[in-house]
Amino acid sequence: PTNVGKSSLLTSLTGAKAEISQVDVTTRRPTVGMLPYKDIQFQLVEAPALVEGASDGRMEGPQILGLARNSDGLILMVDLSGDPLRDFNMLRSELERAGIMIEKPEGEVEVIRRSGGAGVQMIGGGTLVDCTLDDVRRLLSNYRINSALVKIRGKVTLDMIEESLFSSLTFKPTILIANKLDAPGAPENLARLREAIDEDKIPLIPVSCNRRIGLEDIGHQIFRMLRIIRVYAKEPGEKKPSPKPLVIEEGSTVIEAAKKLHSKLYREFKYARIWGPSAKYPGQRVGSNHILMDGDIIEIRL
Ligand SMILES: Nc1nc2c(ncn2[C@@H]2O[C@H](COP(=O)(O)OP(=O)(O)OP(=O)(O)O)[C@@H](O)[C@H]2O)c(=O)[nH]1
Ligand SMILES: [Mg+2]
């Protein structure tokens, strides 16, 4: 919504020069700032205010929803001096109507088509609840898909796989920031908001941008929301790893990290040595499927 303090937050966190004003709809174009967190940076983009009817094309609705669809995660913001619950429900419903879910569904499917005759393979570690891999192969072959990676997470039905072929539903991890904690009536409004949302699914952070309350935790919350880890590559023979981490998805394996570092490290991979949280002891020798953790140092051997 407008006037909730989006520009105030962007400016407080990143130092970006966004115009702050009590006039409605001050920010008209996406405005960018960089938030340093530990040894990485997050790019924050203030979108113009999302209003009721945005998903039907009102105001800059389509552009804002397009921005949301292309982001890694969303920070929704509401105003504790107004009606934060109504605003949150409006935001959720406009996003949903645009095919953007902000709560993680029980199961997720992505069918990645491949060329060549490699067949249909299942990846991602989810479970099929009402069908077998052969049923999935039969379903896909009805759609002339004979070679694909079917990526599943959580509990997945044959219907969900069929639907995924048509719909453009997407999930974006989301944080809810409730601003103006200093305003009269804020504690009561915050209590109402707390009751209505599931904070395990959507973390709620009360803040006051003006009084600089609650802002220190936001970097950490964004890091957790994105489910990323930092991995530091080290050359064999060097004492210290690169100071700049490789930022990859939580649950990534050694070979996936190698692929992102350099195609040669992927092609000619023999084994790796690991120091840090995922290593049983410093310098542990591991194979390609070893799962990395945040803060690991990795040395790849060819
Ligand atoms: N009381 C109080 N007022 C705040 C706080 N943060 C921002 N404001 C005020 O709220 C008004 C709107 O702030 P902006 O940061 O411009 O809000 P916005 O969401 O970017 O607004 P638009 O870009 O116009 O949609 C300004 O008058 C701010 O001074 C806060 O923590 N407490
Ligand atoms: Mg603004």
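Predicted model: local features only at pLDDT ≥ 70, side-chain atom pairs only at ≥ 80, totals over all residues.
Contact between elements is taken here as heavy atoms within 4.5 Å.

Helix 6 (residues 186-196) lies across strand 3, strand 10 and strand 11, and runs at about 175 degrees to strand 11. These strands form an open sheet of 3 strands in the order 3-10-11, with parallel pairing. Strand 3 (74-79) and strand 11 (204-206) stand at the edges; each has a single partner strand, so one side of each is left without a neighbour in the sheet. From one strand to the next, the twist averages 25 degrees. Strand 3 is joined to strand 10 (residues 174-179) by 6 bridges, and the two run parallel. Within this pairing, Met77 has Ile177 of strand 10 as its bridge partner. Helix 3 (residues 84-97) also packs on the sheet, where it touches strand 3 and strand 10. The direction of helix 3 makes about 145 degrees with that of strand 3.

Antiparallel pairing is found for strand 14 (residues 271-275), which is joined to strand 16 (residues 296-301) over 5 bridges. Arg273 has Glu299 in strand 16 as its bridge partner.

The magnesium ion (ligand 2) is coordinated by Ser7 through OG, Thr27 through OG1 and Glu46 through OE, at 2.1 to 2.3 Å. The spacing of these donor residues in sequence is S-x19-T-x18-E. Ser7 belongs to helix 1, whereas Thr27 lies in the loop between helix 1 and strand 1 (31-37); the pair therefore ties together parts that are 20 residues apart in sequence.

The second largest pocket has a volume of about 330 Å³. It is lined by 23 residues, of which Asn3, Gly5, Ser8, Ile20 and Ser21 are the closest to its centre. Helix 1 (residues 6-14) provides the largest share of the lining of this pocket, with 3 residues. By class, the lining comprises 6 nonpolar, 12 polar and 5 charged residues.

Definitions and conventions
Residues numbered from 1 in each chain as written. Chains lettered and ligands numbered in written order. Heavy atoms only, no water. 1 Å grid on protein atoms, 1.4 Å probe; cavity = no way out; pocket = protein on both sides within 12 Å on 5 of 7 lines; lining within 4 Å. Points joined across faces, edges and corners; volume = space filled by probe spheres on them. Helix = DSSP H or I, 4+ residues; strand = E, 2+ residues; numbered from the N terminus. Nonpolar A, V, L, I, M, F, W, Y, C, P; charged D, E, K, R; others polar. Pairing = 2+ DSSP bridges. Axes fitted to C-alpha atoms, helices over the stretch in contact; angles between N-to-C directions. Donors = N, O, S within 2.8 Å, 3.2 Å for Na, K, Ca; no water.
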